[in-house]
Amino acid sequence: MTNALPTPSAAEAGARRFTWPGTRVLVVDDAITIRLFCRQILEKAGFEVIEAINGLEGLEQLLQGTIDLIVVDVNMQKMDGYEMLREVRRQPVLSAIPAVMMSTKSKPEDVDKAYAAGANYYLFKPIRPEPFLACVRLLTATVQ
Amino acid sequence: MGLVKAKIRKTKTGSGASDDMVGLSAALQAADPAERRSAARRLGSTTGCEAALLDRLAFEHEASVREMLVLSLMQLGTQDAVRGLAEHLRSEDASLRNAVVEALEAMPDAVAPNIELLLADHDPDVRIFACNLLVGLAHPDVPKWLSHVLENDSHVNVCAAAVDALTEIGRPDCVPALRACARRFPEEPFLSFAIDVAIARAAEQ
Amino acid sequence: MSALASEGQGAEGPPHPLSDEELAKFSEFFYRKTGIRLDERKRYYMERRIVERIRRTGCRSFFEYFTTLKLNGAAGELEALINEMTVNETYFWRENYQFECMTRSMLDEIARRKRPGEPIRIWSIPCSTGEEPYTIAIHILEYWARADSYDIEIFASDIDSNVLKRARDGTYDERSLSRLPPQLRARYFKLVSERRWQVINELRSSIAFGSVNLSDPLETARYRQIDLIFCRNLLIYFDDVSRRLAAENMFEAMSPGGFICLGHSESMSRITNLFRPRQFAEALVYQKPAPSRGA
């Protein structure tokens with residue numbers, strides 16, 4: 001399903017009709033600069049951003065509030081991104097939330113692992129604002 | 001009432017024969033995770049058993065046992081423990097790699113002599129992990145090591161990890177290295193952004 | 001025992017002794033180390049406490065202080081900071097939503113796993129001067145309808161033998177009891193002197209008090225098959241290794257599926273991967289997974 005994503009520009013154009021303000025994105029990364037970067041991009045585009053520093057904290061945030069999309073790193077202490085996504089997909093109340101995984105790991109098997117864990121899209125680091133935003137818009141529009 | 005006074009059990013002391021290193025090392029292979037955890041815990045106070053703990057760590061999949069193996073190696077805090085743990089930074093298993101980063105950053109004195117080697121590793125992933133662990137490492141040379149990465153490492157994600165670390169612990173004397181890094185990767189919007197944040201925080205001092 | 005102190009905005013002193021960036025760096029570090037999120041709305045209060053620590057340590061600037069704190073691992077200073085940033089206090093009904101969670105949600109789930117005759121075990125650590133274990137006991141007796149069908153054992157531990165002595169004695173002043181509904185005070189306490197109330201004997205004698213260092217596996221080995229632990233505002237005072245040891249020891253002490261309640265500003269997510277967060281209507285708690293959970 002994720003392979004069939006349209007190109008960023010098409011996705012952006014299509015998604016604008018569906019996305020509404022108040023959509024909440026959870027950004028899970030232990031790097032503060034990544035969290036700030038994502039926050040800046042997403043807030044400018046009208047999304048609400050919630051941050052977590054590792055997978056466990058991400059799960060806590062997911063359980064405590066309504067989250068429309070997860071953006072998650074792979075390598076984090078206490079609970080990595082794969083394990084967090086597996087946990088999310090296991091829990092009925094969370095399992096439908098779409099997720100973008102982002103990582104410095106770029107081998108095909110790394111990408112496969114992300115999808116197997118429950119990611120809906122995969123971005124290589126360092127992320128670029130346009131493809132990142134396009135994919136966020138597409139995935140949030142899809143669920144809504 | 002439904003409340004009944006509980007009796008606090010007497011602690012069983014010394015479980016005898018199995019406390020020797022050979023017995024405990026064997027118990028690390030037991031089928032029951034509780035038994036493996038118990039053995040891992042006890043080996044944490046026995047110097048010279050790093051190899052046994054590290055061997056088991058390589059293929060232990062029960063999270064609670066792995067936590068204990070890592071914790072015991074942290075408590076031992078020896079050079080053997082550090083080098084063995086650092087080898088696992090190359091593991092394909094994300095949760096193992098991250099458990100290792102966490103353990104290493106808690107052992108500043110034993111880790112410090114190995115940092116330069118890790119930062120020069122041929123594998124960029126290992127260099128990224130080395131930068132990650134520097135964030136939490138309480139050691140005065142951390143800014144110097146990170147500045148060196150910023151000025152010399154050719155991999156954008158390694159530099160990004162170093163910038164991130166400096167965002168938290170940067171000092172004014174790191175600013176030139178941060179600027180140098182920005183000049184080396186002018187086409188990366190994320191890195192420019194991160195460097196601006198790091199400089200703003202470091203320059204405030 | 002402690003919570004982030006809430007204090008009004010004062011009028012004295014320079015408006016912002018620390019810059020936004022300094023405060024952001026400090027908050028990030030403090031959170032990383034203690035799991036406590038500092039509330040930006042309490043900026044004035046935080047700054048005053050930090051400035052106080054800078055002065056007390058003889059540092060000449062925030063930079064000097066923060067560098068010492070971060071790079072030299074300054075032993076003891078973090079604890080002093082936590083003490084500055086938090087307020088130590090304990091009283092009946094403190095952070096009541098967790099006890100409501102116990103009687104409305106957790107105990108029912110625990111009871112479902114019990115075989116006939118098997119006790120339900122609850123552990124209050126640190127129990128300090130006893131307000132928490134007695135609050136637990138009263139809540140169960142008053143608000144859990146099935147209390148009479150189970151044997152419920154309450155353990156209460158602290159490392160400090162002085163507070164344990166006071167906990168066993170169970171005598172409190174008005175201030176400690178102010179949140180307790182009056183009819184419950186009448187039911188579970190007797191007036192022993194002017195404005196001093198003592199927990200009735202029947203209740204005092206039903207709680208097993210004992211001295212325990214939570215980081216020591218030999219001491220915690222006496223506690224097993226615990227179904228619910230209240231460990232509020234203790235782990236924030238521990239260093240990284242002791243905190244992990246404490247978590248390991250709680251894990252060992254608990255039954256599979258058992259729950260832990262931490263203080264409201266604490267999070268297990270910075271301490272260990274051994275437990276999973278669990279959201280009930282009343283509170284977020286942590287749960288020991290059943291065995292054979294995948295890696």
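# Briefing on a predicted model with chains A, B and C

In chain A, 64% of the contacts with a separation of 6 or more are made by residues 24 or more positions apart. The model is predicted. Chain B and chain C bury about 4200 Å² between them, while chain C and chain A bury about 1500 Å². Over all chains the count comes to 41 salt bridges and zero disulfides.

## Chain A

- Chain A holds six helices and five strands.
- Along the sequence these elements follow the pattern α-β-α-β-α-β-α-β-α-β-α.
- Chain A has 144 residues, and buried residues make up 60% of them.
- A network of salt bridges links A:Arg35, A:Arg39, A:Glu43 and A:Glu51.

## Interface of chain B and chain C

- The contact draws 40 residues from chain B and 50 residues from chain C.
- Of the area buried between chain B and chain C, about 4200 Å², 57% lies on carbon and sulfur atoms.
- Nine residue pairs are in polar contact across the interface of chain B and chain C, both residues being at pLDDT 80 or more.
- On the side of chain B that touches chain C, the elements giving two or more residues are helix H2 (33-43), helix H4 (63-76), helix H10 (142-152), helix H11 (156-169) and helix H13 (189-203) of chain B.
- H4(B) supplies the largest share of that side, namely eight residues.
- By class, the residues of the side of chain B that touches chain C are 18 nonpolar, nine polar and 13 charged.

## Salt bridges between chain B and chain C

- Six salt bridges are found across the interface of chain B and chain C.
- C:Arg244 forms a salt bridge with B:Glu102, where the closest N and O atoms are 3.4 Å apart.
- C:Arg244 also meets B:Glu67 in a salt bridge, at 3.8 Å from N to O.
- This pair crosses between chains, joining C:Arg244 in helix H12 (residues 240-253) of chain C to B:Glu67 in helix H4 of chain B.
- C:Arg244 counts as buried because its relative accessibility is 6%, under the 20% limit.
- B:Glu67 is likewise classed as buried, since its relative accessible area is 12%.
- The side chains of C:Glu21 and B:Arg201 meet in a salt bridge at 3.2 Å from N to O.
- The pair runs from C:Glu21 in helix H1 of chain C to B:Arg201 in helix H13 of chain B, and thus crosses between chains.
- Is C:Glu21 buried or partly exposed? At 24% relative accessibility, C:Glu21 counts as partly exposed.
- B:Arg201, by contrast, counts as buried, because its relative accessibility is 7%.

## A salt bridge within chain B

- B:Arg90 and B:Glu87 join their side chains in a salt bridge, with 3.7 Å from N to O.
- B:Arg90 is partly exposed, with a relative accessible area of 34%.
- B:Glu87 counts as partly exposed as well, at 48% relative accessibility.
- Both values fall in the partly exposed class because that class covers the range between 20% and 50%.

## Interface of chain C and chain A

- Here 21 residues of chain C are in contact with 17 residues of chain A.
- Carbon and sulfur atoms carry 46% of the area of about 1500 Å² that chain C and chain A bury between them.
- The count of salt bridges between chain C and chain A is three.
- A:Glu57 and C:Arg270 form a salt bridge in which the closest N and O atoms are 3.0 Å apart.
- The interface of chain C and chain A has nine residue pairs in polar contact, both residues being at pLDDT 80 or more.
- Helix H1 (20-34), strand S11 (276-279) and strand S12 (284-287) of chain C are the elements that give two or more residues to the side of chain C that touches chain A.
- The largest share of that side, four residues, belongs to S11(C).
- The side of chain C that touches chain A comprises eight nonpolar, five polar and eight charged residues.

## Cysteines

- No disulfides are counted in any chain, the total over all chains being zero.
- A:Cys38 is buried, with a relative accessible area of 0%.
- C:Cys127 counts as buried, because its relative accessibility is 1%.

Terms used: Residues are numbered from 1 along each chain as its sequence is written. Chains are lettered from A and ligands numbered from 1 in the order in which they are written. This is a predicted model: local features need pLDDT of at least 70, side-chain atom pairs count only at pLDDT 80 or more; totals for chains, interfaces and linings use all residues. Side-chain values use heavy atoms; hydrogens and water are left out. Contact means heavy atoms within 4.5 Å. Buried area is the accessible area (1.4 Å probe) that two parts lose on being put together, summed over both. A salt bridge is a side-chain nitrogen of Lys or Arg within 4 Å of a carboxyl oxygen of Asp or Glu. A polar contact is a pair of N or O atoms within 3.5 Å; within protein, one must be able to donate a hydrogen and the other to accept it, and residues adjacent in sequence count only if both atoms are side-chain atoms. Ala, Val, Leu, Ile, Met, Phe, Trp, Tyr, Cys and Pro count as nonpolar, Asp, Glu, Lys and Arg as charged, and the others, Gly among them, as polar. A disulfide is a pair of cysteine sulfur atoms within 2.5 Å. Buried means under 20% relative accessible area, exposed over 50%, partly exposed in between (1.4 Å probe, protein chains only).
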